[in-house]
Amino acid sequence: MAEPRNDDFLDDIEIAEDEEFAEDMAEIDDEALELDQLRAERDQLKDRFMRALADAENARKRSDKDRREAENYGGSKLARDMLPVYDNMKRALETTSEEQRGVAGPLLEGIELTMRELLNVFKKHGIEIIAPEVGDRFDPQHHQAMFEAPVPGTKAGDIIQVAAEGFMLHDRLLRPAQVGVSSTPAG
C-alpha cells in the first residue's frame, strides 16, 4: 500500500515565507513612512531656518537704517531749538547802523564771528538754509505762506516778501521759510 503523501510541511514553509515577506514589507513600509516623516521634518526645519536667516537680515538692515536716521536726525530737536538763536543774531546784525558799528565795533565783530561759527556748525551737521528771494515761485514743500497780498507787476504765487529763512536737515524740513505771497489774479 502506498503511503499517503505528506506535503503539509511544504505548505508550512510557503506560509512561513509569506509571513516573513509580509513582515519584511511591513518593516519596509514602516521605514519608508519614517523616512517620509524625517524628510518632512527636515523640510520644515529648513524652512524655519531660512525664515530665521531672513528675519535676522531684515533686523540688521532695520537697525542700520535706524542708526543712520538717529545719526542724521537725532539732533533735529536741538537744531530746531537753535534756529531762533540764528534769527536773533541775524536781526541784530541787520539792524545795526554805521554809528553803532563805530561805537560797538568789537562787540558786533564778535557777534559776526559767532554767527559764522553757528553757520559752520549747521553745515557740519547737514543743516542748510532755505533762502528764497523776492520773485521766486512759492513752493509749499519749502515755504510757508504767512500772508497773501495783491502786488502789481507780480503773478499769483510769486514770493513778495521773506519774513524768515527756512532750514533743511539733510533731506528733511526743519522749518519752512516764512514768506508773503502775491495773490494778483492772472490778467
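Colleague: What should helix α2 span, and how far apart are its end C-alpha atoms?

Modeller: Helices (H or I, at least four residues) and strands (E, at least two) are DSSP runs, numbered from the N terminus. The expected span of a helix is 1.5 Å times one less than its number of residues. Helix α2 covers residues 76–94, so its 19 residues should span 27 Å; the end C-alpha atoms are 27 Å apart, in agreement. This is a predicted model: local features need pLDDT of at least 70, side-chain atom pairs count only at pLDDT 80 or more, and totals for chains, interfaces and linings use all residues. Residues are numbered from 1 along each chain as its sequence is written, and side-chain values use heavy atoms, with hydrogens and water left out.

Colleague: Which residues in α2 are buried?

Modeller: Buried means under 20% relative accessible area, exposed over 50%, and partly exposed in between (1.4 Å probe, protein chains only). In α2 the buried residues are Ser-76, Ala-79, Leu-83, Tyr-86, Asp-87, Met-89 and Leu-93.

Colleague: How many salt bridges does the count come to?

Modeller: Side chains of opposite charge can pair when their charged atoms come close. A salt bridge here is a side-chain nitrogen of Lys or Arg within 4 Å of a carboxyl oxygen of Asp or Glu. The count by this rule is 13 salt bridges.

Colleague: Where do Glu-57 and Arg-60 lie?

Modeller: Both belong to helix α1 (residues 8–73), three residues apart, which is about one turn of the helix. Glu-57 is partly exposed at 32% relative accessible area, and Arg-60 is partly exposed at 40%.

Colleague: What is the distance between the closest N and O atoms of Arg-60 and Asp-64?

Modeller: In that salt bridge the closest N and O atoms are 3.0 Å apart. Arg-60 and Asp-64 are four residues apart in α1, again about one helical turn. Asp-64 is partly exposed, at 24%.

Colleague: Which parts does the pair of Arg-137 and Asp-158 tie together?

Modeller: Arg-137 and Asp-158 form a salt bridge with their closest N and O atoms 3.0 Å apart. Arg-137 lies in the loop between β1 (127–130) and β2 (143–149), and Asp-158 in the loop between β2 and β3 (159–164), so the pair ties together parts 21 residues apart in sequence. Asp-158 is buried, at 9% relative accessibility.

Colleague: What is the phi of His-170?

Modeller: Most residues other than glycine have a negative phi. His-170, although not a glycine, has a positive phi of about 55°. His-170 is in the loop between β4 (166–169) and β5 (172–175).
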